Amino acid sequence: MSLHIAAQPGEIADVVLLPGDPLRAKHIAETYLQDVRCYTQVRGMFGFTGTYRGRRISVQGTGMGIPSSGIYIHELLADYGARTLMRVGTCGGVQPDLQLGDVLLAIAACHDSAINLPRFGGATYAPCADFSLLKAAHDAALAKGIPVRVGPIFSTDAFYHEEPDYWRKWAAYGVLAIEMEAAGLYTLAAKFGARALALLTVSDVIPTEARATTEQRQSAFMHMVEIALEVGAGV
Ligand code: HPA
């Protein structure tokens, strides 16, 4: 048992899917995994292990933002031997040609993280995805006929930013979307010599103010989860 995860050694698979919402972790486990066991409920942040096409896979809720998700990611890597981590989350698109429900694969994560910036003394570390996972996810999406876009995203500490138009600068530099966890995930995976990828569905498009309904969010989200599970099953 680690400080924030109640699992015994060996109860968590080396491949872990990471939704922010713990109830999404439950939904993913109940929908896709066989022989499911809930290994933690500490703070309501559910974690489950089961099998997908015979491969042991875990799903762990992380909460929102790098401070919360970083706690779970650190403990998965340091205490439970996780080797392959895939964030499955939502994002706000900042390119006007993005559609609600589009699936993005984050090749790199720019950030304004108050955790990452001091980690490197204010110098710029470039958190990036593991290429083999990125390629496997791209291949799995093509095989399933699910269109995906690959590009850089921006991980912010502040959902409600002081400067509401701050995203325009990032969009002008080619960033596809904004979310709150990927840069921390990529950095911690690098620190522990593990591999990571963030898969994201567009839940809102900031320039057009389009917002997905709950049903739209759910179905697009599950397409993306299926890509992550295929990648996990092949690891
Ligand atoms: N900003 C940050 N994170 C998000 C957003 C957003 O607009 N949409 C979904 N996650």
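Reader: Which residues lie nearest the centre of the largest pocket?
Author: In this predicted model, Cys91, Gly92, Phe159, Ile178 and Asp204 lie nearest its centre. The whole lining of the largest pocket has 34 residues.

Reader: And which elements give two or more residues to that lining?
Author: They are the strands β5 (84-93), β8 (177-179), β9 (195-205) and β10 (210-211), together with the helix α7 (214-233).

Reader: Where does the largest share of the lining come from?
Author: From β5, which supplies 6 residues.

Reader: What is the volume of the largest pocket?
Author: About 880 Å³.

Reader: How do the lining residues divide into nonpolar, polar and charged?
Author: The lining of the largest pocket has 17 nonpolar residues, 10 charged ones and 7 polar ones.

Reader: OK, the ligand. Where does it sit?
Author: The ligand sits in the largest pocket.

Reader: Which residues surround the ligand?
Author: Thr90, Cys91 and Gly92 are among them, and so are Phe159, Ile178, Glu179 and Met180. Ser203, Asp204 and Ile206 complete the list. The protein covers 88% of the 260 Å² of accessible area that the ligand has on its own.

Reader: Which strand gives the most to that shell around the ligand?
Author: β5 does, with 3 residues. β8 and β9, like β5, each supply at least two residues of the shell.

Reader: What is 3.1 Å from a nitrogen atom of the ligand?
Author: An N or O atom in the side chain of aspartate 204.

Reader: New topic. How many cavities of 30 Å³ or more does the structure hold?
Author: The structure holds 1. The largest cavity has a volume of about 40 Å³.

Reader: Which residues line the largest cavity?
Author: Leu18, Thr62, Ser69, Ile73, Arg87, Glu181 and Leu185 line it. By class, the lining of the largest cavity has 3 nonpolar, 2 polar and 2 charged residues.

Reader: What shows where empty space is left?
Author: A probe the size of a water molecule, rolled over the atoms, shows where empty space is left.

Methods
Residues numbered from 1 in each chain as written. Predicted model: local features only at pLDDT ≥ 70, side-chain atom pairs only at ≥ 80, totals over all residues. Heavy atoms only, no water. 1 Å grid on protein atoms, 1.4 Å probe; cavity = no way out; pocket = protein on both sides within 12 Å on 5 of 7 lines; lining within 4 Å. Points joined across faces, edges and corners; volume = space filled by probe spheres on them. Helix = DSSP H or I, 4+ residues; strand = E, 2+ residues; numbered from the N terminus. Nonpolar A, V, L, I, M, F, W, Y, C, P; charged D, E, K, R; others polar. Near = heavy atom within 4 Å. Polar contact = N/O pair within 3.5 Å; in protein donor to acceptor, adjacent residues only side chain to side chain. Areas by Shrake-Rupley, 256 points an atom, 1.4 Å probe, with all protein chains shown as cover. Sits in = over half its atoms within 2 Å of the grid points.
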